[in-house]
Amino acid sequence: MTTKMPTVKFTKLFINGDFVDSISGREFETIDPRTEEVIARIAEGSKEDIDVAVKASRVAFDHGSWPRMTGVERARIMMKWADLIDENAEEIAKLDAIDAGKLYHFCKAIEIPSAANTIRYYAGAADKIHGEVLKPAREFHAYTLMEPIGVVGHIIPWNFPSSMFVTKVAPSLAAGCTMVLKPAEQTPLSALFYAHLAKLAGIPNGVLNVVPGFGPTAGAALCSHMDVDKVSFTGSTKVGREIMCAAANSNLKPVSLELGGKSPLVVFDDADLDKAIQLAFLGVAYNKGEICVAGSRVFVQEGIYDEFEKKLVEKAKTWVIGDPFDSKVQQGPQVDKKQFEKILSYIEHGKREGATLLTGGKRVGNKGYYIEPTIFSNVKEDMLIAQDEIFGPVMALMKFKTIEEAITSANNTRYGLAAGIMTKNLDTANIMSRSIRAGTIWINCYFIFGNDIPYGGYKMSGFGRDFGLEALHKYLQVKSVVTPIYNSPWL
Amino acid sequence: MASSLRISRLISRSFSSTSLFPRGWSYLGSRHSKYSTAVATEEPIKPSVQVEHTQLLIDGKFVDAASGKTFQTVDPRTGEVIANVAEGNSEDVDRAVAAARTAFDHGPWPKMTAYERQRILLRAADLIEKHNDEIAALETWDNGKPYEQSANVEIPMLVRLIRYYAGWADKIHGLTVQADGPHHVQTLHEPIGVAGQIIPWNFPLLMFAWKVGPALACGNTIVLKTAEQTPLSALYAAKLFHEAGLPPGVLNVVSGFGPTAGAALASHMDVDKLAFTGSTDTGKVVLELAAKSNLKPVTLELGGKSPFIVCEDADVDQAVELAHFALFFNQGQCCCAGSRTFVHESVYDEFVEKAKARALKRSVGDPFKGGIEQGPQIDSDQFEKILRYIRSGVENGATLETGGDRHGNKGYYIQPTVFSNVKDGMAIAKEEIFGPVQTILKFKDLGEVVQRANNTRYGLAAGVFTQNIDTANSLTRALRVGTVWINCFDTFDAAIPFGGYKMSGQGREKGEYSLKNYLQVKAVVTSLKNPAWL
């Protein structure tokens with residue numbers, strides 16, 4: 001295994017257009033999950049730094065050029081930013097790979113270019129934010145203005161540092177908001193690089209501030225800040241709950257939450273078996289299982305169950321784990337020690353609860369946070385491994401008989417983020433897609449994301465949608481304007 | 001009934017006519033003669049309605065509270081008990097939610113066609129229209145608002161709102177979406193599930209319609225908690241929905257108190273959505289309970305301290321009339337009341353003089369009497385609170401132009417009160433009083449008034465009074481509020497969204513925007529084989 005270390009250029013807080021030390025002078029270490037060694041020391045933002053960043057955003061919103069320039073001008077700057085990201089894709093991909101243990105080649109070829117495309121999608125929306133002229137039942141002229149909501153706080157997770165960054169930042173920029181973003185403490189590097197490129201592209205000072213730090217300090221300060229008009233969060237359900245409480249206890253800022261999941265993949269007897277196995281396996285192994293829509297509960301109909309199980313295990317055994325900079329490798333290390341230990345403890349729990357360990361279950365090597373893709377069969381729905389979000393490459397494989405049983409089982413969770421359905425039958429597909437209480441249904445596919453496809457949860461997977469024009473509206477206020485009209489030729 | 005509808009149209013016209021309701025509500029009200037012959041006496045007029053329903057409405061049946069407890073609902077004209085009402089607590093909320101859950105998961109309501117749902121809503125609107133006067137009498141008895149306002153404006157508006165939402169039921173469209181690859185993508189807009197709704201006492205049935213209308217049109221089931229001050233009219237209206245064919249369990253009404261029934265609803269693990277209208281303090285509690293339970297999405301429509309801005313070029317007489325209406329309407333008990341009247345210095349003295357004269361002319365008395373503009377405040381708590389604010393205004397050095405005390409010696413009546421020389425830092429200029437207390441502030445230029453108008457934690461509404469289109473446009477955009485009324489105020493219409501910026505809440509009610517509160521978005525993605533086009 002080769003260990004490449006990209007040069008880390010940006011390690012400080014990005015506030016009001018400058019990279020600055022934290023007020024306390026404190027720093028934290030960001031760790032290479034391949035080696036457990038320190039990559040860089042990063043300025044640690046705390047409450048005082050958040051205050052400064054929010055103030056910069058407030059001034060930029062209340063008096064700066066960003067909300068006051070035309071949508072066309074905002075779009076031009078965002079397009080330029082996207083181009084700069086493409087030009088620097090290799091360097092950013094290295095940062096995400098070393099910081100999060102993600103596959104370097106995949107980041108470079110797919111994730112970073114997709115991030116640039118998300119910015120372009122919303123840049124294109126910046127001059128298409130339309131209110132409506134309304135139809136009152138009396139002699140009034142009424143219309144709605146869609147106004148930027150103001151200063152936005154974004155808190156993003158570590159599993160997709162680049163995608164999450166643009167998913168939050170791009171629509172709020174297009175809407176004309178200013179913002180303070182807190183990246184996850186595990187993965188601050190690419191966010192700071194994006195901030196640097198944003199400045200080069202011409203995003204005015206104070207519009208986009210990036211403050212690395214920890215949830216209980218910097219994150220909490222952002223959520224309870226009286227001058228932040230909106231918080232958008234992606235992360236765990238537990239933290240989502242704290243964020244909602246902080247908003248309630250401060251200025252009642254609206255919150256959007258994209259939280260955990262325990263998404264079902266339901267495979268019917270008539271499914272394309274090889275494809276189903278491929279998708280089911282990727283459902284838990286993609287990105288090391290560190291994805292909130294992981295297909296972590298796989299329900300297979302009894303007619304094909306035995307063959308499915310056999311081939312799935314074969315598939316798992318061919319999976320290549322190792323240094324994410326190696327182009328042959330399919331799975332890198334988990335993001336940090338805490339997650340690594342948590343996943344292993346769930347695996348132990350699964351064994352104790354009486355599930356059958358078909359394959360995997362152990363760490364790989366003796367350095368770094370690598371874990372084998374792990375498949376349990378004979379899983380009961382009330383077992384912890386079928387209820388909790390493990391956020392690692394661990395599948396709970398279950399058998400079902402009828403479609404009614406599949407619906408009940410698929411919905412037997414507090415989460416409702418996504419679901420996969422594998423069938424050739426149109427009626428089955430339609431019934432399943434309506435009956436499962438989840439925000440995204442993938443039929444004969446999985447993990448299909450798109451800028452125009454809204455994404456978010458039912459139930460305790462959160463509320464609000466990312467992507468699509470739905471996401472733009474999270475960052476807009478609706479103002480109704482009403483005035484009497486006289487002698488109008490029509491009503 | 002037909003005549004009252006005509007009058008309501010008349011009132012509507014008058015809002016927008018050049019005359020700008022020249023003699024106010026009393027003039028219009030006097031045309032409705034039902035009670036106008038009553039001689040002014042100390043004895044309150046007896047309402048022409050019986051209280052028929054005082055129990056909880058759960059699963060289509062009127063039932064007692066599980067605890068057997070009741071509470072008193074009081075006539076604000078006298079402080080006397082109208083009826084003893086079943087007091088719902090968490091056990092009753094559990095029963096109601098279970099009924100709503102079953103009606104959503106297994107009942108016919110979400111599964112019937114939108115056309116059929118629409119038919120039921122339209123029938124309910126017809127029945128309400130038929131019982132307009134009884135419902136209006138109940139509303140006035142429980143709330144204290146002028147009967148003419150209930151009968152000629154509010155109940156007809158309730159009917160209109162239900163019909164408006166009935167029309168949405170079969171027009172809830174998802175999208176088909178262009179995907180970046182060989183995928184067929186569509187969004188389904190699905191009912192969100194069991195909706196918990198908590199409404200206030202100032203417009204009991206309009207708030208009922210704002211909440212229930214969109215939730216039902218979208219195919220949800222509901223547990224609604226009414227305010228403990230005004231439980232009666234919603235029980236009546238909900239019964240009519242059942243007569244119209246609403247299946248049992250779809251609309252459950254639980255009377256009770258916030259800390260018990262309200263809290264149980266907000267923190268219930270089986271309620272999928274919560275909508276609340278009320279104070280900002282309670283809004284915080286509701287949001288926190290949602291956060292601590294199942295993270296249900298919450299819509300909040302909260303308090304306000306809305307500016308009404310009278311510009312230099314304004315016709316003072318018209319501005320005075322509109323500003324008076326903006327504040328005093330509904331005894332000042334409106335979340336969007338124009339409770340900070342900013343007047344340009346060039347017309348300030350004249351404005352204050354005329355505002356005082358207008359307030360002195362305001363007719364206060366038994367709301368069942370014809371021509372009465374202002375009835376009693378809702379209850380003794382609010383009554384005392386408003387009087388405390390008035391005392392604080394005097395103590396802080398504002399000039400009490402008129403009013404300032406209770407009206408009469410029985411019931412919760414308060415004199416129309418006007419303060420001039422009000423400074424931004426005074427409590428009466430910062431806090432929501434929710435009573436008939438007008439505070440008039442002076443300003444010099446537009447930049448200054450924008451800054452001061454926005455210098456509040458609230459952002460619900462604003463009034464702008466000017467003929468200058470540049471002034472109107474500048475103020476419209478600069479004010480951080482959810483509704484701007486230009487040369488009008490309190491123009492409510494089913495089509496116009498309503499809600500707050502800042503600590504006035506989140507989400508919008510009414511209009512197409514309100515449907516979003518009660519729908520989930522599901523993206524459905526299918527892979528395509530050999531597509532003819534992408």
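1. A:Glu258 lies in strand 10 (residues 255-258) of chain A; strands (E, at least two residues) and helices (H or I, at least four) are DSSP runs numbered from the N terminus. This residue is buried, at a relative accessible area of 3%, where buried means under 20%, exposed over 50% and partly exposed in between (1.4 Å probe, protein chains only). An unreviewed UniProt entry lists A:Glu258 under "active site"; such annotations may be inferred rather than shown by experiment.

2. The model is predicted: local features need pLDDT of at least 70, side-chain atom pairs count only at pLDDT 80 or more, and totals for chains, interfaces and linings use all residues. Residues are numbered from 1 along each chain as its sequence is written, chains are lettered from A in the order in which they are written, and side-chain values use heavy atoms, without hydrogens and water.

3. The unreviewed UniProt entry assigns residues 19-481 of chain A to "domain: Aldehyde dehydrogenase". Over residues 19-481, the chain is 41% helix and 19% strand, with 42 Å between the end C-alpha atoms.

4. A:Ala248 belongs to helix 8 (residues 237-249) of chain A and counts as buried, with 0% relative accessibility. Between A:Ala248 and A:Leu197, the separation is 51 residues in sequence and 35 Å in space, C-alpha to C-alpha.

5. A:Asp269 sits in the loop between strand 11 (264-267) and helix 9 (273-285) of chain A. A:Asp269 is partly exposed because its relative accessible area is 35%.
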